[in-house]
Every structure is written in structure tokens, then in C-alpha cells.
Amino acid sequence: MAAAEDVSHIMLADRSLELQTHHNNIRVAIIGMPNSGKTSLFNALTSESAAVSDAAYATVRENSGVANYDDPRFHWLVDHYDPELCVPSRVRCVDLPPLVPGSWSGRGVGSELIVKHCAAADVLVVCVRAFEGQTVTHSLGGGGTVNPLRDLDLMMDELFDLDKANISAMYGGMKPVVEKNMGGSLMEAEFKSLERVKAWVDRAGKKQPLRHNLEWTDQDVAVIQKYRFLTAKPVVVAVNLEARDYTRPPEVRVSRSNPLGRVSEWAEAKHSGFGSPSKHEGLGKAQTGPGLVVGAFSGEFEERLLEVRRRSGEGGVRQYLAANPTHRPGNRGILTDVFRALGVVHFFTCGEEEVRSWILPRNGKAPEAAATIHRDFGVDFMSAEVMSLLDLMELGSDVAVKRAGKLTQQGRKYAVQDGDLCFFKFKLPSYKPYKA
């Protein structure tokens, strides 16, 4: 396994994790202003070849693809077990048309697509331009100048306005039904929560995301989950740097003199101080973690990496990255930030037949991990044999780990740790053959 990597990002805690449901099929929506590099990021994540252009509205409909997480731990396990089948963690990605001021009112192209796919996503990746370029013009504001902080403010406000318009429309449609006592007690309870949500977005002069409110009730959380409001979702800010800035050492990359450092300061000033999510038993588990992560990639660097791949294949890419540890492909860096924003861990099931990586909410218990493989495994869970990847790497084999007493038997209350190798035991369900 590769040594721990330097990470140039910040993580800010709020209640976004609590306001989302979790599953093993993570969906990411990539949004950004025209010419911000979001399609380049999509291609880097998914290895697709979606058209990239310096035209302001090159993306007029969504691009969809699947990103395989480039996890060094997974690669080590594949080399170690040499299985017949290997399945990495995967994320479904969609690259959306540009988000522009006024999208909430229908301005620009694809505003309906943006709302539809952002609502269905688990994480919003907001791509912001921080690279200069004579051939790729900046289409909005400031005479075409590159200003990532201005663009971030515009996009965050736009997401808020999209939510506000949606909430107002829902409120207006539900109010007369409730006033006539036509919706029943469930709709009345839902309407009361919607009133509180509307009061939050209607506050004069304040455009704070829903995830910043620490006072939502269980019922409020259920309503926010049901309608999948955009500002309740975790956000990854993907800062598109020039290659020379991106490949610098992390401590230089995040300094105040560099765009990534300035975006990090923006995030701390505007999105910090909202605490960690409190426990809501109705959601099944307490989740604490960042709701906003600032990370970086470089479309220019990804083009160089693509050229290495064309010339030398995947082996050449691995060799290049090993020789340049500060050069991290977007597939690894941004997806790592996505998982951090979601507050999830990875565990592995391994053997000669298959090595597979699975995703689980942090602090998820062993039966829940078993259920990600198959629902019945969770229902009929008995125990789990667990070893640490670090122990396996140190001792060299499953047998050596067992002899060292580091293969443990865990029960229903065990919280699966990041990097655990798990073998689940479950009872056979009661089976009664049909008798005619």
C-alpha cells in the first residue's frame, strides 16, 4: 500500500450527513459555470471522452458515466490475492449543463436537468475555475476575469435560490389542501415542517444552506430527506488549478498566495462554525462529519496524464505517479473528497475468487456492512471474522494474521473500520417447502 498521501483540502462539519440517506450506490452531480472545467473533471473521473470545448455552453445535456475509485489499498489486495474478479468502489457521475445566475428562473440551458439530477445525487461537486487561459475565456462577470470566490458565491446563491423556488411552490400547493383539512394528519405534520423549512429560506438577507441549521426536528429531517433539497446535500468544491499550481507540494498549494488557499479561506469564513450533526434516532444512526470539502484537480494536468496513458498504458501511468508523489490524478483526489464529504468508510471482502471494495457509513455496524453485500446477510447475520489490512500487509498472509491472534470474531455491535477485511457468517433462513 502506498504511503499516506498529503491532502490539500479542508473539511467543514454541518448537518448534511444527517439530512441524507446512505447506500452503496453513490451518485455525484458535477456542476459549474461555463468553461470551469467540469466536463474535463467528468472525463478524469470516469475515463469517458465527453466533448470538451472552449464554447460557453458546450454541454447542453447531461453526460453520465461510472468512476472506479483508484484506491491504493484495493490495488494491493488485488496483487496479493490475484483473484479471478476484482471490483473497486464505484461512483455514478453525471456532468450537467452550466449553472448560471438566474438558473432558478429558467435562464441558461438545462435548468430542469440541473434540478432533476442534483436532487437525485448524494453529493454535489461544484467545479470552480482557478486557471488562467487565453484560449478558454471566462464567460461571466468581471470582464471575463478569473475569480473563483466570486463564482463560488454566485453558484452557492443559485443553489439556494433553486431550493427557495421549489420550497415556495410546494408550500403554495400544499397550503390550501391543509387548510381545507383534505390531506389528513400526515400531510398536516409534513406541512408544519415545510413551514419551518420555508421560514429558514425566507430570512431576509441570509442565504444559508439547509444543512447549516442545527435545530431541525426529526420530522423536519424526514421532510428534507423526502424532497431531497439541494442545499441539504454534502458539497465538494473542486478547484480547477493550472498544472503548475496543482503539482506543487501541498503546503505550497494551500498557501494564501495560491487559489486553493484562498478558496479554503472562503469556505472557512462562510461555511464554518455550524457544529457537527446531533443524533437523530429516527435516522437509524448518528452521523458526524464534514458537509463541505475543498479539494483540487487540474484539467490541464489530466490532459498530460491522458497522453502518458496513450503512450505507455496504465503501467506507464502508475510508474509516472509513483515517481511524482505530489501529482495525484483527479480520480483519486476528488473521489476521496467525495467519500470524506459523505462520511463513509471502505471495507473489503477478499479471496482467490474475488476482491471487492464496499462502502459503508462511518460507524456502521457489522450487520449493516453484511447487508450492503446482500440484504439477507444483514437479516440473518451471526458474526464477522475481521482482520486489519495493515496487519495483513505487515504479516504477509491470512494464516500469519490468524496465528498472531489478529483475526477477530465480531458481533452485531462492532463498528466496521476503514480498511477492514471482513468475512461474514449468517444463519440459513428457515425454509419450508411448499406442499400441495
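Okay, hi everyone. Keep in mind that this is a predicted model. Let's start with the salt bridges: the count comes to 21.

Take Arg-73. Its side chain forms a salt bridge with Asp-71, with the closest N and O atoms 2.9 Å apart, and there's another salt bridge to Asp-418, at 3.0 Å, N to O. Asp-418 sits in the loop between strands S12 and S13 while Arg-73 is in helix H2, so that pair ties together parts 345 residues apart in sequence. How buried are these residues? Asp-71 is at 4% relative accessible area, so buried, and Arg-73 is buried too, at 10%. Asp-418, at 42%, counts as partly exposed.

Now a local one. Asp-337 and Arg-340 meet in a salt bridge of 3.8 Å, N to O, and both lie in helix H11, three residues apart, about one turn. Asp-337 is buried at 1%, whereas Arg-340 is partly exposed at 26%. There's also a network of salt bridges linking Arg-27, Asp-122 and Arg-228.

Next, helix H1, residues 38–46. Nine of its nine residues are buried, so the rest of the structure largely encloses it. That includes Lys-38 and Asn-43.

Over to Ser-89, in the loop between S4 and S5. Ser-89 is buried, at 3%, and its side chain makes a 2.5 Å polar contact with that of Ser-357.

Last, the surface. Asp-79, Asp-82, Glu-84, Glu-352 and Glu-353 gather in a negative patch there. Asp-82 is in the loop between H2 and S4, and is exposed, at 63%.

Technical notes:
Residues numbered from 1 in each chain as written. Predicted model: local features only at pLDDT ≥ 70, side-chain atom pairs only at ≥ 80, totals over all residues. Heavy atoms only, no water. Patch = residues over 30% accessible without salt bridge, like charges linked within 9 Å, V, L, I, M, F, W, Y side chains within 5 Å. Areas by Shrake-Rupley, 256 points an atom, 1.4 Å probe, with all protein chains shown as cover. Salt bridge = Lys/Arg side-chain N within 4 Å of Asp/Glu carboxyl O. Lys, Arg positive; Asp, Glu negative; His and termini not counted. Charge placed at Lys NZ, Arg CZ, Asp CG, Glu CD. Helix = DSSP H or I, 4+ residues; strand = E, 2+ residues; numbered from the N terminus. Buried < 20%, exposed > 50% of the residue type's maximum accessible area, 1.4 Å probe, protein only. Polar contact = N/O pair within 3.5 Å; in protein donor to acceptor, adjacent residues only side chain to side chain.
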